[in-house]
Amino acid sequence: QVQLVESGGGLVQAGGSLRLSCAVSGRPFTTYAMGWFRQNPGKEREFVSSINWSGESTNYADSVKGRFTISRDNARNLVYLQMNSLKPEDTAVYYCAAGVRSSSRAEVDYWGQGTQVTVSS
């Protein structure tokens, strides 16, 4: 089993920044590609970003490309999502994901409990 605990969410004004963190425990961290998804009430959970086990390969949704940066610290079992130039439409619950095989929410092995990000206009 793998446990994921997110932190760093909160309320920020449009144009501001937040950094989300995800602490991973359980099986060896470098086994997994990691990622972030987000979801609003009544909507499907959508892909935000992913990173391969080494950190050398990353992917982003078009909506966040150029504003968000995913990274990982394999020595500390941490994954980060640096979010800059935030927009009100970025408001959502953000979920850390482990075992990300594609941008489909159906191809994720483990989920965190989520952290709320609210961007005010």
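Predicted model: local features only at pLDDT ≥ 70, side-chain atom pairs only at ≥ 80, totals over all residues.
## Buried and exposed: a starting point

A residue is called buried when its relative accessible area is under 20%, exposed when that area is over 50%, and partly exposed in between, using a 1.4 Å probe and protein chains only. By that rule F37 counts as buried, because its relative accessibility is 0%.

Residues are numbered from 1 along each chain as its sequence is written, and side-chain values use heavy atoms, with hydrogens and water left out.

Helices (H or I, at least four residues) and strands (E, at least two) are DSSP runs, numbered from the N terminus. Strand 4 covers residues 34-39, and five of its six residues are buried, so this strand is largely enclosed by the rest of the structure.

Two strands are said to pair if DSSP finds at least two bridges between them. Strand 4 runs antiparallel to strand 5 (residues 46-51), and five bridges join the two. Within this pairing, G35 stands opposite S50 of strand 5. The two strands form a hairpin with six residues between them, and in the turn G42 has a positive phi of about 80°.

Strand 4 also pairs with strand 9 (residues 92-98), again in the antiparallel sense, over six bridges. Here Q39 is found opposite V93 of strand 9.

## Aromatic rings around F37

Rings of Phe, Tyr and Trp (its six-membered ring) pair if their centres lie within 6.5 Å; planes under 30 degrees apart count as stacked, over 60 as edge-to-face and the rest as tilted. The structure holds four aromatic pairs. One of them joins F37 and F47 edge-to-face, with 5.6 Å centre to centre and 80° between the planes. This pair links distant parts of the chain, since F37 is in strand 4 and F47 in strand 5, ten residues apart. F47 is buried, because its relative accessible area is 15%.

F37 also pairs with W111: the ring centres are 5.0 Å apart and the planes are at 75°, so this pair is edge-to-face. At 30% relative accessibility, W111 counts as partly exposed. Together, F37, F47, Y95 and W111 form one aromatic cluster.

## Charges over rings

A charge sits over a ring if NZ of Lys or CZ of Arg is within 6 Å of the ring centre and within 35 degrees of the ring normal. Y95 takes part in such an arrangement: the charged end of R45 sits over its ring, 3.6 Å from the centre. Likewise, the charged end of R72 sits over the ring of F29, 4.3 Å from its centre.

## Salt bridges

A salt bridge is a side-chain nitrogen of Lys or Arg within 4 Å of a carboxyl oxygen of Asp or Glu. The count by this rule is six. In one of these, E44 meets R105, with the closest N and O atoms 3.4 Å apart. E44 lies in the loop between strand 4 and strand 5 and R105 in the loop between strand 9 and strand 10, so the pair ties together parts that are 61 residues apart in sequence. E44 is exposed, with a relative accessible area of 57%, whereas R105 is partly exposed at 39%.

The side chains of D109 and R101 form another salt bridge, at 2.5 Å from N to O. D109 is partly exposed at 40%, and R101 counts as exposed at 51%. Shared partners join R38, E46, R67 and D90 into one salt-bridge network.

V100 is placed in the loop between strand 9 and strand 10. At 10% relative accessibility, V100 counts as buried. Contact means heavy atoms within 4.5 Å. Leaving aside residues up to four places away in sequence, V100 touches A33, M34, G35, F37, S50, E107 and V108. The C-alpha atoms of V100 and S49 are separated by 9.9 Å, although these residues are 51 apart along the chain.
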